[in-house]
Amino acid sequence: MHHHGSGQEPVPSVVEVFAENMVRFRNGISLSQEEVAARAQIHRTEVSLLERAKRTPRIDTLVKLAGALEVEPGELLGGIEWIPVLREPFDGSGWALSRW
């Protein structure tokens, strides 16, 4: 994992990386948002909100989506890593996010 940030492009948020992962996996198996929602037994609006990074998924929703998208739950979290605070100063701690 690498720290993201070239100076020009804004650093993505956790929900943005998750959203991009969702869209990539859904497109990879050629499913519509409606089909993913039906497979996961969640509302289509929830799929839309998640794919637009407007909502953070609950753990049970994440597991359902992984099943619907035929990936392991951890794959939906690809590129999302937390660097722990181990000592002061706190430099280097926090989210390490990378896009595909």
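Predicted model: local features only at pLDDT ≥ 70, side-chain atom pairs only at ≥ 80, totals over all residues.
1. Start with glutamate 72. This residue lies in the loop between α4 and β1. At 55% relative accessibility, glutamate 72 counts as exposed, because the cut-off for that word is over 50%.

2. Next, the overall layout. The protein has four helices and two strands. Read from the N terminus, the elements run α-α-α-α-β-β. Of the 100 residues in the protein, 37% are buried. The accessible surface comes to about 6,400 Å². Carbon and sulfur atoms account for 54% of that surface. Now take contacts between residues at least 6 apart in sequence: 56% of them join residues at least 24 apart.

3. Look at helix α1. This helix has 15 residues. From its first C-alpha to its last, α1 reaches 21 Å, close to the 21 Å expected at 1.5 Å a residue. Which residues of α1 are buried? They are Val15, Val17, Phe18, Ala19, Asn21, Met22, Phe25 and Arg26. The cover over these buried residues includes α2, α3, α4, β1 and β2. After α1 comes serine 30, with a positive phi near 55°.

4. Arginine 24 lies over the face of phenylalanine 25. The distance to the ring centre is 4.8 Å. Phenylalanine 25 is also listed among the buried residues of α1.

5. Now the core. In soluble globular proteins, nonpolar side chains tend to be buried together. Here, the largest nonpolar core has 20 residues. Which of them touch the most other members? The answer is Phe18, Met22, Val36, Leu65, Leu69 and Leu76. Four helices, α1 (14–28), α2 (33–40), α3 (44–51) and α4 (59–69), each supply at least two residues of this core. Helix α4 gives the most, with five residues.

6. Leave aside its neighbours within four places in sequence. Leucine 69 is then in contact with Met22, Phe25, Arg26, Ile29, Val36 and Leu76.

7. Helix α3 comes next. In α3, the residues Glu46, Val47, Ser48, Leu50 and Glu51 are buried. These buried residues pack against α1, α2 and α4. Alanine 53 follows α3 and has a positive phi, near 60°.

8. Is threonine 61 buried or exposed? Its relative accessible area is 7%. The residue is therefore buried, since that word covers values under 20%. Not counting residues up to four places away in sequence, threonine 61 touches Ile42, Glu46 and Leu50. Of these, Glu46 and Leu50 are buried residues of α3.

9. Two loop residues deserve a check of their backbone angles. Glutamine 41 lies in the loop between α2 and α3. Its phi is near 55°, a positive value in a residue other than glycine. Glutamine 41 is exposed, with a relative accessible area of 67%. Alanine 53 lies in the loop between α3 and α4. Its phi is near 60°, again positive in a residue other than glycine. At 22% relative accessibility, alanine 53 counts as partly exposed.

10. How many aromatic pairs does a search of the whole structure find? The search finds one. The rings of tryptophan 82 and tryptophan 95 have centres 4.9 Å apart. Their planes meet at 75°, so the pair is edge-to-face. Tryptophan 82 lies in strand β1 (residues 80–83), and tryptophan 95 lies in strand β2 (residues 94–97). The pair therefore ties together parts that are 13 residues apart in sequence. Tryptophan 82 is partly exposed, at 48% relative accessibility. Tryptophan 95 is also partly exposed, with a relative accessible area of 49%.

Conventions
Residues numbered from 1 in each chain as written. Heavy atoms only, no water. Phe/Tyr/Trp six-rings, centres within 6.5 Å; stacked < 30°, edge-to-face > 60°. Buried < 20%, exposed > 50% of the residue type's maximum accessible area, 1.4 Å probe, protein only. Lys NZ or Arg CZ within 6 Å of the ring centre and 35° of its normal. Core = buried A, V, L, I, M, F, W, Y, C linked by side-chain atoms within 4.5 Å. Contact = heavy atoms within 4.5 Å. Expected span 1.5 Å × (residues − 1). Areas by Shrake-Rupley, 256 points an atom, 1.4 Å probe, with all protein chains shown as cover.
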